[in-house]
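This report describes selected features of the model shown below, with the cut-offs behind each term.

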Amino acid sequence: MPAKKTTWTGNRIRESFLKFFEKNNHKILPSSSLVPYNDPTVFLTTAGMQQMVPFFLGEETPPHIRLTTAQKCFRTVDIDEVGDASHLTFFEMLGNFSVGDYFKEGAITFAWELLTKVYGLAPEKLRPSVYPSDTEAIELWQKIAGKKESEIVKLEDNWWDRGPTTPGPCGPDSEIYFDRGEALGCGKPSCAPGCDCPRYLEIWNLVFMQYNQDGKGGKEQLKKKNIDTGMGLERLSLVLQNKPTVFETDLFFPIITTFASLVGAVYGKDEKTDRSLRVIADHGRALVFLAADGVLPSNEGRGYIFRRVLRRAVRHGKLLGIDKPFLSDAADTVIELMKEQYPELVERRSRIVDVLATEERKFSRTLAEGLDILEKTLTELELQGKQEVPGETIFKLFDTHGFPLELTREAAEEKGFTLDEKGFAKHMEAQRIKSRNLEKFAIRKDSQIWQELAASIPPTVFTGYEAVTGSSAVLTVIDSEEIQDMIAARQITIVGENKDSSQMLIVQETPFYAESGGQVGDQGRIKGPNGEFAVLDTQRPVSGIIVHIGHMIDGYIKTGDTVSTTVQTDRREDTKKNHSATHLLHKALKDHFGEAVVQHGSLVEPDRLRFDFNFQRALTDDEIARLDTTVNSMIRQNFPVTTTLTPLEQAKRSGAMALFGEKYPDPVRVVVMGPSKELCGGTHVSATGQIGVFVTTQETSSSSGVRRIEALTGKAAEELLTRRKKQVEYLADKLQTQPEMVTLKIEQLTQEMSEMRKELKRYRQNALIEEAERLAQEAQQVQDAHVVTAIIKKADIAALHVISDHLRTKFTAAVVALASGSEDGAVFIVTVSPTLTKKGMHAGKIAEQLASKIGGKGGGKPEAAQGGGKSTADLPEALQETQKFIAKQLV
């Protein structure tokens, strides 16, 4: 254990780590933002290695070949587990990295020296694990740490890659576990690092990047091998401070204390209270860092993660009895605790507090109402003997009351209910269709500003058919819907910024395509002599004006500046492929189903296309396959794509397809690609072969009499087909058959499972009948009637009914009261034979009496009733009282 004289605070542990590696010729890099730089594959930074990827891949030159960091990280994969002893959303990862310098021996040497010499951990308490075939690592642990081979655990999990089918660096890793003592063990002889029990705590992972995988199962040695290590500061603090959980360490306990004081609670007295305190301590700390790094609450992306975490924290605050906003008040505790390492928290305090207070007030107004509705719904469902919350109810909570699906799921599961998530998804899709136009960058086309501009500046000249770059003069700049002389970069770029506050540019000539005809607007860059503007969308609010929407990246741009305009070409090229594909799909639909089939809308984005058409039924799988075949045939024939500017009436007479209700300019562009001929102002490939491949991904109903096809082309389609191929190969391997036999094998297994389910159902039914027979023999006779009261273990309402129904066949006059209890409460049913109801016996009244004894509700008809309650501990006594109540009624 650590030397007694050393007080290992979290700050000291972090500082000692960084100084140790700095002393060993590593350059300390600051933590990168929680918002990943130039990495669209993830919403938030999840590991210290993320900012090192460009160095490992050779895309950028590292500032040093040895690096070390204390990196802010955020993960939501285990968010539902947060509140237990160890899971967190926000945490700090301590790491050291070698870019083609030292390898396994250096990494293990540094780790062992730091843990045993600097932190003073007892060597016998540290247990390494390795990949089974990594003999080099085994020998190094023996050589450097003096570990016997029997002390080194071999785990198949000790392998790192970014996914088995993702090309890139990979390799074995070695984890270091701390033995917390036999008292925390499971007692099994096999207990060792990797066991699910809490005895062995993984504190450090050393990743040896020595291979490059091709994504197809092949690997080759890297010319330059790299080291990536990661150690959670919170876990190491737990060990060095000898605490039972991370929440008792000095990194968390002041936050716990702050929240506990708000509710007058003492941490450690009640597990339910403790769990909620841990949730809001973790979430509160995480939210401070998210807000500091510019993440704002929204309904998508990282903004949705922020909102989800905050709402979960608020809900647990309500469980503790906190009825007023509390997260913004507690933010100062987090800032004070972390300001030494992260001084930006102090600089951005006002923003952090404002964001938390605004969002918490907004959610608190609707949370109470949503929880009340959910509680009433669950009670009603319980009385009806149902255990699934309908999709419509879930959607109403989400849409009307702002109650997230995750909170509904969590609250329902706490009481033993499941959710109809498929039904919820259907309602969500219908809502998305209705609100599609509201989700775009907000340009209020009815705003007076556009009419004024249309009258005062010349029409924008679109040059994007011929080029994706250009040069032009700035005619107008707009900031927060007001015309300005200049727009400048804001101090902090806010992720998920309100679209009404977007900055806008209008230039004399532009290659940027403005959203029209289903094709989304272009993105790209506009550079002036004193600054650069990021174009996030392009719109045409009124005829003749093209508006570039986005924000200044740096510097400023003024009206009158000469700027260079550059469209993001890969995005434009992918959009062109998808747009041309919609023309071919339209033609294929007409060929297969007749000229009466016409387009009823479309969406053309870089990563997908959507095409709506009139048709009265769903397409069969064979029909969809034939459509794909037809479209791909036209792609392979590599028809040239030609465009001509033609008088509108002449174009229509030539047979070019025009969309009903669409307004076309005169003259109009006629786009021809092989057998397809349409009026269209969008951008297209120069030959159909450039589309590559076309794959339908979904065919659904859009509205009454309108069907929708969604599809992929080009690179996205190829990636989909590759993934599907690998999935089939994976299934074939698991099913021990050939890929072409997978379908047959699955059908066989499905049939076998169906038979097994039937057999299991028969077995359960027989077991319930046997239980009914046993209870019949124990029935108490009162006058001419038989009375059965019993607690049935691990039974739901349906099982109780089966037993009760069988008992009623055994007696002509019987009263049956059956109950079952679980962690979520008690349920019961009461049945009375018709011969007894005629004499005044009433099952509903018996149910009311029983429910009153267990803190619940019950009721029903004379012959059958049911109910439930919170107290399972009182069930035995309650049933005895019920038996007396019944006997009294029968006498």
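## Salt bridges

The count of salt bridges comes to 36, where a salt bridge is a side-chain nitrogen of Lys or Arg within 4 Å of a carboxyl oxygen of Asp or Glu. The model is a predicted one, in which local features need pLDDT of at least 70 and side-chain atom pairs count only at pLDDT 80 or more, while totals for chains, interfaces and linings use all residues. Residues are numbered from 1 along each chain as its sequence is written, and side-chain values use heavy atoms, with hydrogens and water left out.

One of these salt bridges joins the side chains of glutamate 92 and arginine 14, at 2.9 Å from N to O. This pair connects distant parts of the chain, since glutamate 92 belongs to strand 3 (residues 90–99) and arginine 14 to helix 1 (residues 10–23), 78 residues apart; helices (H or I, at least four residues) and strands (E, at least two) are DSSP runs, numbered from the N terminus. Both glutamate 92 and arginine 14 are buried, where buried means under 20% relative accessible area, exposed over 50% and partly exposed in between, with a 1.4 Å probe and protein chains only.

Lysine 590 counts as buried because its relative accessibility is 7%, whereas glutamate 595 counts as exposed because its value is 57%.

In the salt bridge between glutamate 623 and arginine 617, the N to O distance is 2.7 Å. Glutamate 623 has a relative accessible area of 10% and is therefore buried, while arginine 617, at 39%, counts as partly exposed. Elsewhere, Lys72, Asp293, Glu344 and Arg348 are linked in a network of salt bridges.

Three strands form an open, antiparallel sheet in the order 24-25-26, where two strands pair if DSSP finds at least two bridges between them. Strand 24 (641–646) and strand 26 (676–679) are the edge strands, each pairing on one side only. Strand 24 and strand 25 (residues 668–673) are joined in the antiparallel sense over six bridges, and threonine 644 stands opposite valine 670 in strand 25.

Another open sheet, also antiparallel, has four strands in the order 22-23-28-27. Strand 22 (599–604) and strand 27 (694–703) stand at its edges with a single partner strand each, so one side of each is left without a neighbour in the sheet. Strand 27 runs antiparallel to strand 28 (residues 706–713), with eight bridges joining them, and the bridge partner of glutamine 698 is glutamate 710 in strand 28.

Helix 16 lies across strand 22, strand 23 (609–614), strand 27 and strand 28, and runs at about 25° to strand 23. Contact here means heavy atoms within 4.5 Å; axes are lines fitted to C-alpha atoms, for helices over the stretch in contact, and angles run from 0 to 180 degrees between N-to-C directions. Helix 17 (residues 621–636) lies across strand 27 and strand 28, at about 130° to strand 27.

## Cysteines

The count of disulfides is zero, a disulfide being a pair of cysteine sulfur atoms within 2.5 Å. For cysteine 195, the closest cysteine sulfur is that of cysteine 197, which at 3.7 Å is too far for a bond. The sulfur of cysteine 197 has its closest cysteine sulfur in cysteine 191, at 3.5 Å, again too far for a bond. Cysteine 195 counts as partly exposed at 25% relative accessibility, whereas cysteine 197 counts as buried at 11%.
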